[in-house]
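Please read the following briefing alongside the sequence and the coordinates. It is organised by topic.

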Amino acid sequence: MEQPTCKGRRTFLHELVLGAVAFAAAGPIALLSSPRSHAAVAAQGANGKEYAFVVDVSKCIGCGYCVDACAIENKVPKDSVRTWVERYVATEEGAHIDAIDTPGKALPPLPAALLEKSKWSAFVPKLCNHCENAPCVQVCPVGATFTAPGGFVLVDPEHCIGCGYCIQACPYGVRFFNEKTHIADKCTWCYHRVSKGLEPACVTVCPTNARQFGDRNNPADPVGKIYQSDNWQTLKPDMHSHSRVLYLGLPREVI
Ligand code: SF4
Ligand code: SF4
C-alpha cells in the first residue's frame, strides 16, 4: 500500500483541513462552542442516541488528515494530541510500533531494511475510547469527568481541578494536562460539533472512511449495522472498560 509521506501532499492536506474546518466554523460551529459543563450538556441531551466510533484499520492509509483536523478544530496545544495514528510493523521477531503520526508530523517512509523483513504493517488510529465503564470517571474526586447522554465522556472545565488522577487511571494513555486551560484534556468526539448535527472533525476529513461515527442502536446507521454485527474488537478488552470505539480489522498483536 502506498504511504502518503510527501510533504507537499501534507501541506495540501493542511489547507484542505483548514478549509473544511473554517467552512464549518462559519456556519454552526461558531455558535456551538458551548462549555462542556454538566448543566449545558444536560440541557442538550442526545436525542435518544447511543454513539459509537468505528475505526476500520484495513481502510486507514496513514495520511494523518484526521490528526491535523483534530488539532486545528480543538486548538490542541503544541506537543499534545487528542488523536494520533500508530504504524505497526510485524517481522519474525514480532510486531512493534515503528512510527507515530502526530499533529504536523507525517509518518516517514518505512525504512527499506524494515520493509524487506516485514510480514505486514498497519496504521492504527487511537483516541479516547469513551468507555462505558470509564476508570477516569471513577477516579475523578470532584465529578468533573462524567458520562454525558449518548455516551460521551467529557470533562467539565468549570469543575476540573487538574489533579491528574484521570490521566493516571486511563488505561489507554489518551489524556494530557492542558497547560493553557489547566484541565485534564482529551478527545470529546467533538461534542461541540455532534451536538449541532455535525460529525467529529477527524471523521469529516478522513478520505477513506476509516473513521465513522454514529448511533450504535440505529440499525439504519452504518455504525449501528457494524455494532450489531458483533464483528468488531476493542483495545485492551481485559481492562473491562467497555470501549465505545469499535475497531475493524485490528491485528491480534495490536489488541
Ligand atoms: Fe477515560 Fe481513558 Fe476511557 Fe477515555 S479511554 S473514557 S480517558 S478511561
Ligand atoms: Fe488518514 Fe483516515 Fe487513516 Fe486518519 S483514519 S490517517 S484520515 S485514512
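The points below cover the ligand surroundings, the strand pairing and one arginine.

This is a predicted model, in which local features need pLDDT of at least 70 and side-chain atom pairs count only at pLDDT 80 or more, while totals for chains, interfaces and linings use all residues. Residues are numbered from 1 along each chain as its sequence is written, and chains are lettered from A and ligands numbered from 1 in the order in which they are written.

**Ligand surroundings**

- Ligand 1 is surrounded by 14 residues, of which Cys128, Asn129, Cys131, Cys136 and Cys170 are the closest; a residue counts as near a molecule if its C-beta atom, placed from the backbone, lies within 6 Å of it.
- The shell around ligand 1 consists of nine nonpolar, three polar and two charged residues, where Ala, Val, Leu, Ile, Met, Phe, Trp, Tyr, Cys and Pro count as nonpolar, Asp, Glu, Lys and Arg as charged, and the others, Gly among them, as polar.
- Around ligand 2 there are 15 residues, and the closest are Cys60, Cys63, Tyr65, Cys66 and Cys206.
- In the shell around ligand 2, eleven residues are nonpolar, three are polar and one is charged.
- Helix H3 (65-73) and strand E4 (120-126) each contribute at least two residues to the shell around ligand 2; helices (H or I, at least four residues) and strands (E, at least two) are DSSP runs, numbered from the N terminus.

**Strands and sheet**

- Three strands form an open sheet in the order E3-E2-E4 with antiparallel pairing, two strands being paired if DSSP finds at least two bridges between them.
- Strand E3 (94-101) and E4 are at the edges, and because each has a single partner strand, one side of each is left without a neighbour in the sheet.
- From one strand to the next, the twist averages 25°, with axes taken as lines fitted to C-alpha atoms and angles running from 0 to 180 degrees between N-to-C directions.
- Strand E2 (residues 84-91) is joined to E3 by seven bridges in an antiparallel arrangement, and Ala90 stands opposite Ala95 in E3.
- Strand E1 (residues 51-56) pairs with E9 in the antiparallel sense over five bridges, and the bridge partner of Val54 in E9 is Gln212.
- Strand E9 (residues 211-215) is mostly covered, with five of its five residues buried; a residue is buried if 20 or more other C-beta atoms, placed from the backbone, lie within 10 Å of its own.

**Arginine 193**

- Arg193 lies in helix H7 (residues 191-194) and is buried, because 23 other C-beta atoms are within 10 Å.
- Although Arg193 and Glu73 are 120 residues apart along the chain, their C-alpha atoms are separated by 9.8 Å.

Conventions:
Buried ≥ 20, exposed ≤ 12 C-beta atoms within 10 Å, placed from the backbone.
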